[in-house]
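This report describes one protein chain for a reader who has not seen it before. The sequence and the structure come first.

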Amino acid sequence: MPHDPIRPAATTRRAALLGLSAGLSSGLLGTVVPAAAYQDDGVRPDSFRASEVVENGHRFFGSVSRGLALTVEEASRRWGEPNGYILGQEASGAIVGGLRFGEGTLYTRNAGQRRIYWQGPTLGFDVGGDGARTMMLVYNLPAVRDLYRRFGGVDGSAYFIGGFGMTAVTDGGIIVVPIRSGVGARLGINVGYLKFTGRPTWNPF
């Protein structure tokens with residue numbers, strides 16, 4: 001499917017804003033087939049157990065946390081087992097029109113993994129601050145290509161416990177649940193929408 005056009009200058013500004021490390025996700029998942037080995041945007045991804053998500057979440061956030069385990073448990077109670085998840089970072093500020101921009105890696109069990117980018121409204125992240133680590137659980141994903149769209153917020157989905165917060169966005173039966181820690185948990189709790197793309201872009205629509 002078509003992607004948004006990108007200007008080289010915009011890509012450079014975005015990279016400077018996010019300050020992302022290319023090795024952020026390396027070594028996080030031993031249960032996922034490496035991207036170079038296999039990718040299929042058309043196959044339906046198989047699901048992950050909650051315990052797998054929690055284990056890799058602990059590695060990603062850098063500590064073992066009961067708050068994360070309880071947040072994933074609550075997501076599982078509401079929506080079941082995810083068949084994909086994203087580990088990445090995001091940053092935002094007034095210099096980009098009050099929007100949040102993020103990038104990370106989408107992991108699936110049987111459809112490979114690939115870089116993914118997202119945009120959405122911000123509630124006040126510091127301009128030029130360090131990127132906030134974000135984990136997103138993806139439910140009912142028919143195929144990876146179906147993630148490249150705009151998702152609207154789900155009323156009443158916000159949940160906060162033990163320093164972790166989650167909310168949910170949905171479209172076409174697919175549900176995406178961003179999980180953030182610390183200050184980012186509360187700032188991102190009322191996210192209005194998220195738009196995912198296969199390439200970086202400043203266009204949130």
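## Basis of the model

This is a predicted model, in which local features need pLDDT of at least 70 and side-chain atom pairs count only at pLDDT 80 or more, while totals for chains, interfaces and linings use all residues. Residues are numbered from 1 along each chain as its sequence is written, and side-chain values use heavy atoms, with hydrogens and water left out.

## The chain as a whole

The chain has four helices and ten strands; helices (H or I, at least four residues) and strands (E, at least two) are DSSP runs, numbered from the N terminus. From the N terminus, the order is α-α-α-β-β-β-β-β-β-β-β-β-α-β.

Of the 205 residues, 51% count as buried, where buried means under 20% relative accessible area, exposed over 50% and partly exposed in between (1.4 Å probe, protein chains only). Among contacts with a separation of 6 or more, 72% join residues 24 or more positions apart; a contact means heavy atoms within 4.5 Å.

## Helix α3

Helix α3 covers residues 66-79, and its 14 residues reach 20 Å from the first C-alpha to the last, close to the 20 Å expected at 1.5 Å a residue. The expected span is 1.5 Å times one less than the number of residues. Just after the helix, G80 takes a positive phi of about 90 degrees.

The buried residues of α3 include L68, L70, V72 and A75. Their cover includes α2 (50-61), β4 (132-139) and β9 (174-181).

## Nonpolar cores

A nonpolar core is a set of buried Ala, Val, Leu, Ile, Met, Phe, Trp, Tyr and Cys residues joined through side-chain atoms within 4.5 Å. The largest has 20 residues, and V53, Y85, M135, L137, V177 and I179 have the most contacts inside it. Two or more residues each come from α2, α3, β1 (84-93), β4, β7 and β9; the largest share, four residues, is from α2.

A second, separate core of 17 residues includes L106, I116, M136 and I174.

## A buried loop residue

T108 lies in the loop between β2 (99-107) and β3 (113-121). T108 counts as buried because its relative accessibility is 0%. The T108 side chain reaches the backbone nitrogen of A111 at 2.9 Å, and a polar atom of that side chain lies 2.6 Å from the backbone oxygen of G112.

Methods:
A polar contact is a pair of N or O atoms within 3.5 Å; within protein, one must be able to donate a hydrogen and the other to accept it, and residues adjacent in sequence count only if both atoms are side-chain atoms.
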